[in-house]
Amino acid sequence: KKHNIKVIHVVPSVKHAKKAESVGCDAIVGEGYEAGGHNGPDEITTFSLIPQLCDNVSIPVIAAGGIADRRQYKAAMILGAMGVQIGTMFAASKESSASMEYKNAIIEAQDNSTFIAFRRIGLVRMLKNKYGVRVIEKESNPITVEELRHLLGEKRERLGIFEGNTDEGMLEAGQSSGLVNEILSVHDIFKKLI
C-alpha cells in the first residue's frame with residue numbers, strides 16, 4: 001500500500017470481510033462455496049454472501065464462485081457487487097497455461113461433476129476423478145491429519161492441471177464447470193460476458 005498498490009483480499013464470510021476492511025484492504029473478493037479450489041469453512045454460497053458483504057463493508061465487493069456467463073455477471077451486479085472474479089472459465093481458455101486434458105475435463109463436466117474434499121484440513125472443490133474419490137473414501141475412515149496433508153501436499157494440482165493426469169491429479173474447478181462448454185479465447189469470453 002505504501003507503494004500505491006491496491007490490495008484486494010479474498011474472503012468467504014462477513015467476519016473476514018470486516019477484518020480485511022479494518023486493516024486497509026482497498027476491495028474484497030467475496031468467494032462463494034461454489035468456487036473451485038480452496039473454500040471457506042462456513043460453506044456460504046455466492047448468492048447469499050455477496051449482498052451480506054455489501055451490507056456490511058464500505059469498500060468495493062467483487063463476486064466470485066460459480067460465475068461463468070452473462071446472467072451470473074448481471075446477477076452479481078444486482079446483488080451489489082462492483083465486479084466479478086471468474087476462475088474456471090478462464091482456466092479452460094485458449095490462453096490458459098493449463099493442460100488440454102484439464103481443459104477438456106472442464107468442458108465435459110456436468111452440473112454435479114465437482115465435490116468438496118479435504119474437509120478436515122481446508123475444503124477443496126475439484127472435479128470428480130479417481131484421486132478425488134480415493135480422498136473422499138479415506139476421509140470417511142479413520143485417517144490422521146498428517147495423512148490427509150500428505151495426500152494434499154504431493155503437488156497433485158500440478159499433476160492434474162498442468163501435467164494433464166486427469167486420474168491422479170487434483171482438478172480444481174468450480175461448479176460453473178457445468179456451464180463451460182467450449183474452449184474459447186479470452187477475447188471471445190469477454191464478448192460473451194459483457
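The paragraphs below walk through the sheets, helices and nonpolar cores of this predicted model. Residues are numbered from 1 along each chain as its sequence is written, and side-chain values use heavy atoms, with hydrogens and water left out. Local features need pLDDT of at least 70 and side-chain atom pairs count only at pLDDT 80 or more, while totals for chains, interfaces and linings use all residues.

Helices (H or I, at least four residues) and strands (E, at least two) are taken as DSSP runs, numbered from the N terminus, and two strands pair if DSSP finds at least two bridges between them. On these terms, four strands form an open sheet in the order β1-β2-β4-β5, with parallel pairing. Its edge strands, each pairing on one side only, are β1 (8–11) and β5 (83–85). Neighbouring strands of this sheet are turned by 30 degrees against each other on average, direction ignored; axes here are lines fitted to C-alpha atoms, for helices over the stretch in contact, and angles run from 0 to 180 degrees between N-to-C directions. Four bridges join β1 in the parallel sense to β2 (residues 27–31). Across this pair, I8 stands opposite A27, and V11 has G30 as its bridge partner.

Helix α1 (residues 14–22) touches β1 and β2, and its direction makes about 165 degrees with that of β1. Helix α2 (residues 46–56) touches β1, β2 and β4 (61–64), its direction making about 175 degrees with that of β4. Together, β1, α1 and β2 make a right-handed β-α-β unit, a term that applies if, with the strands pointing away from the viewer, the path from the first strand over the helix to the second runs clockwise.

After α1 comes G24, whose phi is positive, near 100 degrees.

The antiparallel sheet comes next. It is open and has three strands in the order β3-β7-β6, with β3 (37–38) and β6 (114–117) at its edges. Two bridges link β3 and β7 (residues 124–127) in the antiparallel sense, and H38 has V124 of β7 as its bridge partner. Helix α6 (residues 130–139) packs on this sheet, touching β6 and β7, and its direction makes about 40 degrees with that of β6.

L148, L151 and L152 are buried; they cover an arc of only 95 degrees around the axis, so they sit on the same side of α7. The elements covering them include β7, α6 and α8 (156–162). On the other side of α7, E146, R149 and H150 are exposed.

Turning to the interior, a nonpolar core is a set of buried Ala, Val, Leu, Ile, Met, Phe, Trp, Tyr and Cys residues joined through side-chain atoms within 4.5 Å. The largest such core has 35 residues, and those with the most contacts inside it are I28, L53, Y102, I106, L127 and V180. At least two residues of this core come from each of α1, α2, β4, α4 (88–91), α5 (100–108) and α9 (186–193). The largest share, four residues, is supplied by α5. Apart from this core lies another, of twelve residues, among them F115, F118, L148 and M170.

Not counting residues up to four places away in sequence, Y102 touches A91, G160, I161, T166, L171, E172 and A173. S93 is placed in the loop between α4 and α5 and is buried, with a relative accessible area of 2%. Leaving aside neighbours within four places in sequence, S93 is in contact with K103, I183, L184, V186 and I189.

Methods:
Contact = heavy atoms within 4.5 Å. Buried < 20%, exposed > 50% of the residue type's maximum accessible area, 1.4 Å probe, protein only. Arc of directions from axis to C-beta.
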